[in-house]
Amino acid sequence: MAGKNIASSFFYLCFFIHHVVAILDPVDFLSLQSIRKDLEDMPGSNFFSSWDFTSEPCTFSGVYCDSDKVIALNLGDPRAGSPGLTGRLSNAIGNLSSLAEFTVVPGRIYGALPRSLANLKNLRFLGVNRNFISGEIPAGLGDLRHLRTIDLSYNQLTGTIPLAVGALPELTNMMLCHNHLSGSVPRFESQTLTRLDLKHNTLTGSIAPDSLPSSLQYLSLSWNKLYGPMDQLLNRMDQLNFLDLSLNQFTGPIPGRIFSFPLTNLQLERNQFSGSVEPVDEVSIPTVDLSYNRLSGNISPMLASVQNLYLNSNRFTGRVPASFVNRLLDSSIQILYLQHNYLTGIEISPTAVIPERSSLCLQYNCMVPPVDTPCPLRSGFQKTRPTAQCNQWRG
């Protein structure tokens, strides 16, 4: 009987020890309470229904623990289209000392990012996108040396991108697009950075040739106020599969080498790029948009292999290579916009039938378009450029 009691006592002792070990650290427990107090479910969301602090917090939705510490906090239902949360982010987040991942689903979170985030020395992933976060990016994020992903896109952030954030050594993804950030693009030192998305801000200044690592695969700087040459920097970016520099004020030549990069999309429109366009080899990029620049010279036949090609509103001269016509008529080219240049001819029969799924626009050049094709409304209604302009350009 005594042996049975000893065995029973041992069982209950082990059970008690197991559950004591599993009990959440008191600091983390109180931090979760503070975080919950400052946030509410938006109508239609029931994310916080499981957050009953009379039970074990490690079982709450979005809370992940290792032993007695919170290591990941994902606030809100991650399913696409689900309602998010509203309220503010508590400074208590900075007390979750073992936190490696912190995300918030799209919703109506407002106010500034907690500066206490700088205390999270183990943080690797920070994602608070598509909310109404305002204020500046805390410079203290630059102290989080293990940060790999920062996604603060689609918010209302202002101020500059801290230099210390650009210096993070392990950064792989940086998404700050669709904010109100100003100042210059800092130097990014991580040699593992693969994605940099800064589009739709008010960034200014030029970008030094060595300020971005050659490891980049995705680079979007569109819809800013950046300027200066980009050829030296682009020549190094041979891993790029997406490049969008549109709607800035970049100048100088477009290096022919970039047309050989493994790009699926090349967007350089609405800048001030100048000079000739000379791809080294036949271009295999599906979409190339060089429109609204100051590019000149003849159109390279190497571009005839592009499916969607926008060369309109430049200063191209000479005749359109015959290879373009052949690929247009067999539907290999789907969009060929050449309007608003100084082109003098194209070898196409006036009776040629442009395939229905292909678009050709030739108006406002130094020739009468031999075929009548529909053009975008913004191209205007003049078929041919005035002779005086053509003579002046030739002269």
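Me: Which strands do the buried residues of helix 5 pack against?
Reply: In this predicted model, the buried residues of helix 5 pack against strand 22 (308–310), strand 23 (315–320), strand 24 (335–337), strand 25 (342–346) and strand 26 (359–361).

Me: And which residues of helix 5 are the buried ones?
Reply: Helix 5 covers residues 322–329, and its buried residues are F324, V325 and L328. They cover an arc of only 100 degrees around the axis, so they lie on the same side of helix 5.

Me: What follows helix 5?
Reply: S331 follows helix 5, and the phi of S331 is positive, near 70 degrees.

Me: Changing topic to S90. Where does it lie?
Reply: S90 is in the loop that runs between strand 4 (85–87) and strand 5 (101–104).

Me: Is S90 buried or exposed?
Reply: S90 is buried: its relative accessible area is 8%, and the cut-off for a buried residue is under 20%.

Me: What does the side chain of S90 reach?
Reply: The side chain of S90 reaches the backbone nitrogen of A92, at 3.0 Å.

Me: Leaving out residues up to four places away in sequence, which residues does S90 touch?
Reply: With those set aside, S90 touches S34, I35, D38 and P114.

Me: Which residues does the UniProt domain annotation cover?
Reply: According to the unreviewed UniProt entry, the annotation "domain: Leucine-rich repeat-containing N-terminal plant-type" covers residues 28–66. Over residues 28–66 the chain is 26% helix and 18% strand.

Me: Now the whole chain. How many helices and strands does it have?
Reply: The chain has 6 helices and 26 strands.

Me: What are the radius of gyration and the span of the chain?
Reply: The chain has a radius of gyration of 29 Å, whereas a compact globule of 395 residues would have one near 21 Å. The C-alpha trace spans about 110 × 40 × 40 Å along its principal axes.

Me: What share of the residues is buried?
Reply: Of the 395 residues in the chain, 50% are buried.

Terms used:
Residues numbered from 1 in each chain as written. Predicted model: local features only at pLDDT ≥ 70, side-chain atom pairs only at ≥ 80, totals over all residues. Heavy atoms only, no water. Helix = DSSP H or I, 4+ residues; strand = E, 2+ residues; numbered from the N terminus. Buried < 20%, exposed > 50% of the residue type's maximum accessible area, 1.4 Å probe, protein only. Polar contact = N/O pair within 3.5 Å; in protein donor to acceptor, adjacent residues only side chain to side chain. Contact = heavy atoms within 4.5 Å. UniProt positions renumbered as here; feature names shortened; annotations may be inferred. Rg over C-alpha atoms; globule rule 2.2 N^0.38 Å. Arc of directions from axis to C-beta.
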